[in-house]
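The values behind each label are to be set against the cut-offs. Here is the chain to work through.

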Amino acid sequence: MLLGLDIGTTAVKAVVLDPAGGLRGSASRAHDHASPAPAHSEADPADWLLGALATTGEACSAAGIPPSAIEAVGVAGCVPCLVVLDADDRPLRPALLYNDGRAGREIDELAAELGPEAVLARTGAGVTQQSTLSNIAIQ
């Protein structure tokens with residue numbers, strides 16, 4: 001059996017798939033995200049973990065299998081998001097979501113310092129609101 005997890009902006013979804021027979025079970029668990037100030041968009045990474053654990057069990061139950069029957073897991077998520085961890089791999093703060101817009105000044109500074117063409121050539125992406133580079137700069 002295969003497990004698919006989608007850790008999205010508003011919910012975690014799980015599906016159990018039988019490679020020979022398709023969908024066997026599914027579950028979804030909503031979670032909150034916050035806008036504590038204008039242009040801010042944050043989420044608690046613990047909600048993602050709790051949602052993944054809960055929906056995995058619920059999807060397995062709906063499929064009529066124990067979680068130990070899962071042979072492989074595929075994960076998709078709301079990216080790019082930034083989760084800053086401490087030395088024990090615990091989040092230091094809420095995650096900055098892909099739609100967080102507070103790094104305007106940092107985007108301009110990074111583009112001026114690094115050169116947008118150089119960043120694009122090296123990373124395949126520009127320095128934008130969705131760049132984790134600009135979100136790191138506001139930490």
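Q: Why is Arg29 called partly exposed?
A: Its relative accessible area is 35%. Buried means under 20%, exposed means over 50%, and partly exposed is what lies in between (1.4 Å probe, protein chains only). Arg29, at 35%, therefore counts as partly exposed.

Q: What kind of model do these values come from, and how are its residues numbered?
A: This is a predicted model, numbered from 1 along each chain as its sequence is written, in which local features need pLDDT of at least 70 and side-chain atom pairs count only at pLDDT 80 or more. Totals for chains, interfaces and linings use all residues, and side-chain values use heavy atoms, with hydrogens and water left out.

Q: What makes the pair Arg29 and Glu58 a salt bridge?
A: The term asks for a side-chain nitrogen of Lys or Arg within 4 Å of a carboxyl oxygen of Asp or Glu. Between the side chains of Arg29 and Glu58 the N to O distance is 2.2 Å, so the pair qualifies. The two partners come from distant parts of the chain, 29 residues apart: Arg29 belongs to strand E3 and Glu58 to helix H1 (residues 45-63). Helices (H or I, at least four residues) and strands (E, at least two) are DSSP runs, numbered from the N terminus. Glu58 has a relative accessible area of 32% and is partly exposed.

Q: How do you know that Arg93 and Glu42 form a salt bridge, and which parts does the pair tie together?
A: Their side chains meet at 3.2 Å, N to O. Arg93 lies in the loop between E5 and E6 and Glu42 lies in strand E4, so the bridge ties together parts 51 residues apart in sequence. Glu42 is buried at 10%, whereas Arg93 is partly exposed at 23%.

Q: Why are the buried residues of H2 said to line one face?
A: Glu106, Ile107 and Leu110 are buried in helix H2 (residues 104-114). Seen down the axis of H2, they fall within an arc of 105 degrees (taken over the directions from the helix axis to the C-beta atoms), so they line one face. An α-helix has 3.6 residues a turn, so residues three or four places apart point the same way. On the other side of H2, Arg105, Asp108 and Ala112 are exposed. The buried residues pack against helix H4 (132-137), where contact means heavy atoms within 4.5 Å.

Q: What makes the Thr9 and Tyr98 pair a polar contact?
A: A polar contact is a pair of N or O atoms within 3.5 Å; within protein, one must be able to donate a hydrogen and the other to accept it, and residues adjacent in sequence count only if both atoms are side-chain atoms. The side chains of Thr9 and Tyr98 are in polar contact at 2.9 Å. Thr9, in the loop between strand E1 (2-7) and strand E2 (11-18), is buried at 17%. Leaving out residues up to four places away in sequence, Thr9 touches His31, His33, Cys78, Leu97 and Tyr98.

Q: What is the phi of Ala39, and where does this residue lie?
A: Phi of Ala39 is positive, about 75 degrees, although the residue is not a glycine. Most residues other than glycine have a negative phi. Ala39 lies in the loop between strand E3 (22-30) and strand E4 (42-43) and is partly exposed at 46%.
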